[in-house]
Amino acid sequence: RRLACGDVEGRLEALFGRVRAIQSKSGPFDMLLCVGNFFGSTSEAEWAEYCTGTKKAPIPTYVLGANDQETVSYFPDVSGCELAENITYLGRRGLYSGTSGLQIAYLSGTESQYEPAPAYSFSAKDVAELKASLLSTPNFKGVDILLTSPWPRDVGTFANSAGEIDTKKCGSKLVSDLAASLKPRYHFAALEKAYYERLPYRNHTVLQETPKHVSRFIALADVGNTSKKKYLYAFSIVPMSLMDPAELVKQPQDTTENPYRKSQKEAQKSKAFLCAEEESACQFFFDLSKHQGKKRPSDGKEGGNHQPKQAKKPPQPSGPCWFCLASPEVEKHLVVSIGTHCYLALAKGGLLPDHVLILPIGHYQSVVDLSSEVVEEVTKYKSALKEFFRSKGKRYVLFERNYKSQHLQLQVIPVPLDRCTAEDIKESFIAQAQKQKIELLEIPEHSDITQVARSGTPYFYVELDTGEKLFHRIRGPFPLHFGRAVLASEAVLAIPHRADWRRCEAERAEEAAQARAFRRDFQPFDFALR
């Protein structure tokens, strides 16, 4: 069991008093890790009592070095040393390995643009040397803990809000690079006088790389701050080297994409995103068989003599997106139709073989954010799918979860007409919502969702092919598989074991065959081929 602390700024009595209280209540902790400014401008008198042995830290305490010229004198040896009994300066940079096997990487100071860096800073060379020393270790998988004083730049990408801190401007790019390479299970930082616990992020590319452990970033406030922001963080951690591999790589439900990847490959992806607005969709995809029909060019021109109004340009994603059609991340073998502004793709791990998604070609987060041109084409796909499924004796249910997602996905699931009525489906959603204390409201049939939700509002939305609509504004935690779970329940499709898409994944060849079959059957209804 460990404790981590933000900027102490010389308030040793306040810190250690709090640590004693926690240990008295919760039992002993093994160590205290301090990031940010350990010393402050008024530290000398209080510090002298610890230097002379008059007072002693109640727990082995490990600190990072100076972040400014004023406090450099407190750290006599750049390679690390004992500053007082039970208080150890880790050093300028390196790896601390505990007797339990716990590995703690550390980097002292703030980022410097110059070589050599001042005594209170680190440079690109320092980061490169630290990375090289660790990455050269045989079978390196990552470190258990990373300690830095500055936040990593862009840590808020794909994540929950950091409040008043602008993570695109705050922090160090070098620290971001270090975190991306060292893959810490926990990364602690300070200096911004704020508490921020980011959602965990993954360290591998889904469907392309072997799963790896997730990373958690936690920024801590300053000791004794008047705003009562959290400055002390208690956690338990088993060394990576002692963990069962399957347990180590488990992905929590709220895991996000990695916010740091800025490799050459990602730079190329960003370039592809920028080109997406100007190039036709067929530039980035695909190999539909020639007999499937001629595709309309995505600039909307028919035969070169008709120019429709220009579509509103969607915002660009800040990182890799699995659903922007221009992205290399897209599972293109699942795509079954491409229009001017939208496309259809079979769902990965679908509830049924003909579970399909309506997706905008550009990067839009929700229906509320769509331009009028995209809304128009979404409506066309809805009508085409309704007609298609009715021809097969089915009705569709559509839902959208604008929560912990980056790109709009309209999930369209067919339900056999003889299985249940639209009213049965609606009642199943409402009943399950009540069980989970979710307020699911029926909204007027001809109303627009933009009338009940603003851009950026998290929500869950259901639409039946009768035009009936249900809406829930998400204000707290929300079950990510709620829509699938209701439709998979005994009351609707009776396939509860398929509620989680991860249990439904098929081999790529099987997915491709399903996509070909759907594409063939849907062709007579596909307005994009006309």
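Me: How many strands form the open sheet, and in what order?

Reply: Eight strands form it, in the order S15-S16-S17-S19-S18-S21-S22-S20, with antiparallel pairing. At its edges are strand S15 (335–338) and strand S20 (441–443), each pairing on one side only. Neighbouring strands are turned by 25 degrees against each other on average, direction ignored. Strands (E, at least two residues) and helices (H or I, at least four) are DSSP runs, numbered from the N terminus. This is a predicted model: local features need pLDDT of at least 70, side-chain atom pairs count only at pLDDT 80 or more, and totals for chains, interfaces and linings use all residues. Residues are numbered from 1 along each chain as its sequence is written, and side-chain values use heavy atoms, leaving out hydrogens and water.

Me: What does pairing look like between S18 and S19?

Reply: Strands of a sheet pair through backbone hydrogen bonds, either parallel or antiparallel. Two strands pair if DSSP finds at least two bridges between them. Strand S18 (residues 394–402) and strand S19 (residues 410–416) run antiparallel and are joined by six bridges. Phenylalanine 399 stands opposite glutamine 411 in S19.

Me: Which residues is aspartate 126 in contact with, leaving aside neighbours within four places in sequence?

Reply: Contact means heavy atoms within 4.5 Å. With those neighbours left aside, aspartate 126 is in contact with Arg92, Arg93, Ala117 and Ser121.

Notes:
Axes are lines fitted to C-alpha atoms, for helices over the stretch in contact, and angles run from 0 to 180 degrees between N-to-C directions.
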